[in-house]
Amino acid sequence: MTTLDVAVDRRAVAMTGRGRSPASAAWRRLVASPAARAGLIMVAAFVLVALVTPVVHLYDARTDANLTSRLRPPTAAHPFGTDSLGRDILVRVVHATRVSLGLAISAVAVATVIGSALGFLAGYLRGRVDLVVMFCMDIVLAFPATLLAIAIVAMIGPGLRNSLFAISLVSIPAYARLSRSSVLELREQEFVLAARGLGCSGWRVLAGHIVPNSLPPLIVQTTLSIAFAILEAAALGFLGLGAQPPTPEWGAMLADSYKYFTSGAWWVFCFPGAAIMLSVLGFNLLGDGLRDALDPRLGQG
Amino acid sequence: MRLLTLTSLLVAALVSAAPAASAQTFVFGAQGEPVQLDPAVITDGISSRLTRQIFDGLVKYRGATTEVEPALAEKWEVSRDGKVWTFQLRRSVKFHDGTPLDAAAIVWNFERWWKASHPQHDNQVKAGQTFEYWEAQFAGFDDKSIVGAVDAVGTHTVRITLKEPQAPFLANLAMFVFDIASPKAVERWGTEFGKHPVGTGAYKFVEWKPNQEVVLEANADYWGQKPRIKRLVIRNLKDNSQRLGALKAGEIHGMEGLNPDDVGVVKNDANLQLLLRPTNTTGYIAFNYKVKEFQDKRVRQAFAHAINKRGIVDALYGGTGLVASQFQPPALWGYNRELKDYEYGPSHAQALLREAGLSQGLSDITWEDGKKEPLVFWYMSRSRPYFPNPKEIAEAMAADLAKVGVKTQLQTTEWAVYLDKRKNGQMPLYMLGWTGDNGDPDNFLCYFFCQPGAAREGFYANKPLADVLLRAQKLTQQSERAKLYRQAEQLLRDDVGRLFVANNQPPLAFAKRVKGYVPHPTGSEYFNTVEMQ
């Protein structure tokens, strides 16, 4: 997991943007990088698939088994072939996109909201709150994230909802630390001191000045942790702790199919594996691109 | 991360540079780690494969059958009333620790199994072990047991007196659990004997490397057929694909636990050969009779008509499976050939559900105590001989059920927890199966259905069935017993007590140059007949 520590504030971005709005400047820098562009396209494609599939194609995994056409190699009728129960792999990979991506994005959303709220409070209030919150975060960080997630799910039982809980829990500390460090830096900045001098209340300073200015590193972190969450969800699925059969999910599909390696049915595990790889790659490239785009010091200025 | 694990696994399987074993060493790939090597307290096949080489019983099964032939007992006779058995022991047989095998040693072993106060019984129980099979086969311990007395009548003569005749007595004695251990070694090691086994068998124990392998060496003084292979190594290779990779690479010479789709791979490989165990195993679906919906016979019948057993066996057993119509596999002498199985027919199943008032289908169940919950269909997390790929079979059956309107949620858990849930009757609908231990129909049917209403059988109570089975147990004439077992299967079928899905002939794979391995229906095989060319 990458924790970024990028010091950015609105004025700096605005200056390098030569009069244009900071957001559009960042966008220009983002699409200027070929790697980021590739990442953006991949992410957009996966998101589109996840959104459109349930609308255009109804799928009931519970009734989808056809033992008479199992383990067929890719053909025009089944572009990705069929799996060991005769199910169309393309259909399952596509529907799994919604499950895997949905799980990853919601887990990260939960972690972002809770984690950064904790971080902002800790950084702004300091004192005992800071001590307690960061102590708890350090405890969570002391365990390897994947192992901790596995342990949590093993304890509370397998399933999608429980894996969502586990993945968001292990992602929280990164946000707490990141937002806390932003607050610590921003709270001594002149524009914050000015706002305070003009009589703004503590909450107004936090909500109106500090939070908006610490968003860029959080956005970058969010994008990168979606990649991590996809992997994490796939790991849980692979171990049978995530999506329960027959729900299609990339990790679970991989776990069900790798044993067909020895009998030569490469397509059953290649396509779900490729989906994991491409989506993770996409979010990583996009995350890296965003970091460059949102960090003025790395731009051409 | 998962991809990495997968890749490393495949790399380990295919590229691993473990040295090829010499011709004097035979390496067998097993599906897991033995629990321990004291035959009296184990129940699993991975452990018993090892103890069968180290120990001998009074009698053993002949070749690939469950007929009994002499082992440590050279001959025996039985009294007219079937209660007094006199065994003549083979002379000059020694345990691996040099102590002689005599009548006193046999009596000592029986007393250890049978008497709860025996110090070497008591210490095991305190350490959490149970003499489970003795209890099951001989009706309990001490005074409860069917065994009344075991005496040494001479230095090499043992007399066993039963309180009442027991038809499968000799077949029971041939089971791996009743193999004879060295009293001296058991007394020396106590509860640690399972790590330092000493018997009379064709192989002596050398070393146990935890999570890797157990090493045995040939016993040059063996009383029976002397082993051809000097060193026998049983290696723990958990993953089926990895194990097959090791066999192809020549690191191991034989293995159990093939993925069904790898059966064809082994057949087509010029360097490998496929052996099948005679079928002695049945996989089933069990209902929990505390679930109100399952108390209605029409619902159970609907399930029986809904599941396409033929389709599942043809597709998911790699050609080694058979459709099961009843609990006993076809090779058993109590098998009912006249029995008519429920035919696959989704529309018929739907009609039955409608009759039972479930025209909307079934997705939530009601327990007897009024609790409502979604219908969870449990499958085991590991491959078993009767369900080689339980998850896929469960998904296929759940799809069949969903097509007639029965929507289940598939769920699994760790094997030990699964068995616990089954023992306590907590699963509404679950998959399980059985591999026969001694070739007697009693070992299939009575173990499950002689105690009506038992929690471990999903509270299934069928009194007439239990009566028939208990009657059959007391008879000694096989033809009369067979009649009763056929009747029992009919009763079970008419009541849809269980859904019997498939029998399997579990496949084993060997290098072509391995000869003389005889697959046995009980799954425990001897290696002293094996040689490598």
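**Entry 1: two helices in chain A**

I began with helix α3 (residues 34-56) of chain A and helix α12 (residues 267-294) of chain A, which pack with their axes 7 Å apart and at an angle of about 135 degrees. I kept in mind that this is a predicted model. At that angle, α3(A) and α12(A) are therefore oblique to each other. I also looked up the hand of the crossing of α3(A) and α12(A), and it is left-handed.

Which residues make the contact? On the α3(A) side I found A:A35, A:A36, A:A38, A:G39, A:L40, A:M42, A:V43 and A:F46. Facing them from α12(A) are A:L278, A:S279, A:L281, A:G282, A:F283, A:L285, A:L286, A:D288 and A:G289. I sorted the residues of this contact by class and got 12 nonpolar, four polar and one charged.

**Entry 2: chain A as a whole**

Next I stepped back to see where those helices sit. How many helices and strands does chain A have? I noted 12 helices and zero strands, so reading from the N terminus gives α-α-α-α-α-α-α-α-α-α-α-α.

I then checked the dimensions: along the principal axes, the C-alpha atoms of chain A fill a box of roughly 75 × 45 × 30 Å. Chain A has 301 residues, and 49% of them count as buried. For contacts in chain A between residues at least 6 apart in sequence, I found that 72% join residues at least 24 apart.

**Entry 3: where chain B touches chain A**

I moved on to the contact between the chains, which takes 29 residues from chain B and 29 residues from chain A. Which elements of chain B supply at least two residues each to its side? My list reads α1 (2-15), α8 (240-248), α9 (263-267), α11 (309-316), α13 (390-403) and β18. The largest share, eight residues, comes from α13(B). By class, I wrote down 13 nonpolar, eight polar and eight charged residues for the side of chain B that touches chain A.

**Entry 4: a sheet in chain B**

β18 made me curious, and I followed it into chain B. There I found an open sheet of six strands with mixed pairing, in the order β14-β20-β13-β19-β17-β18. Its edge strands are β14 (321-323) and β18 (409-411) of chain B, each pairing on one side only. From one strand to the next, the twist averages 25 degrees.

I looked at one pair in detail. Strand β13 (residues 281-287) of chain B and strand β20 (residues 498-504) of chain B run antiparallel, and five bridges join them. What is the bridge partner of B:G283 in β20(B)? I traced it to B:A502.

Conventions
Residues are numbered from 1 along each chain as its sequence is written. Chains are lettered from A and ligands numbered from 1 in the order in which they are written. This is a predicted model: local features need pLDDT of at least 70, side-chain atom pairs count only at pLDDT 80 or more; totals for chains, interfaces and linings use all residues. Two strands pair if DSSP finds at least two bridges between them. Helices (H or I, at least four residues) and strands (E, at least two) are DSSP runs, numbered from the N terminus. Axes are lines fitted to C-alpha atoms, for helices over the stretch in contact, and angles run from 0 to 180 degrees between N-to-C directions. Two residues are in contact if their C-beta atoms, placed from the backbone, lie within 7 Å. Ala, Val, Leu, Ile, Met, Phe, Trp, Tyr, Cys and Pro count as nonpolar, Asp, Glu, Lys and Arg as charged, and the others, Gly among them, as polar. Angles under 35 degrees count as roughly parallel, over 145 as roughly antiparallel, 65 to 115 as roughly perpendicular and the rest as oblique. A crossing is left-handed if the near helix is turned anticlockwise from the far one by less than a right angle, and right-handed if clockwise. A residue is buried if 20 or more other C-beta atoms lie within 10 Å of its own, exposed if 12 or fewer, and partly exposed in between; C-beta atoms are placed from the backbone.
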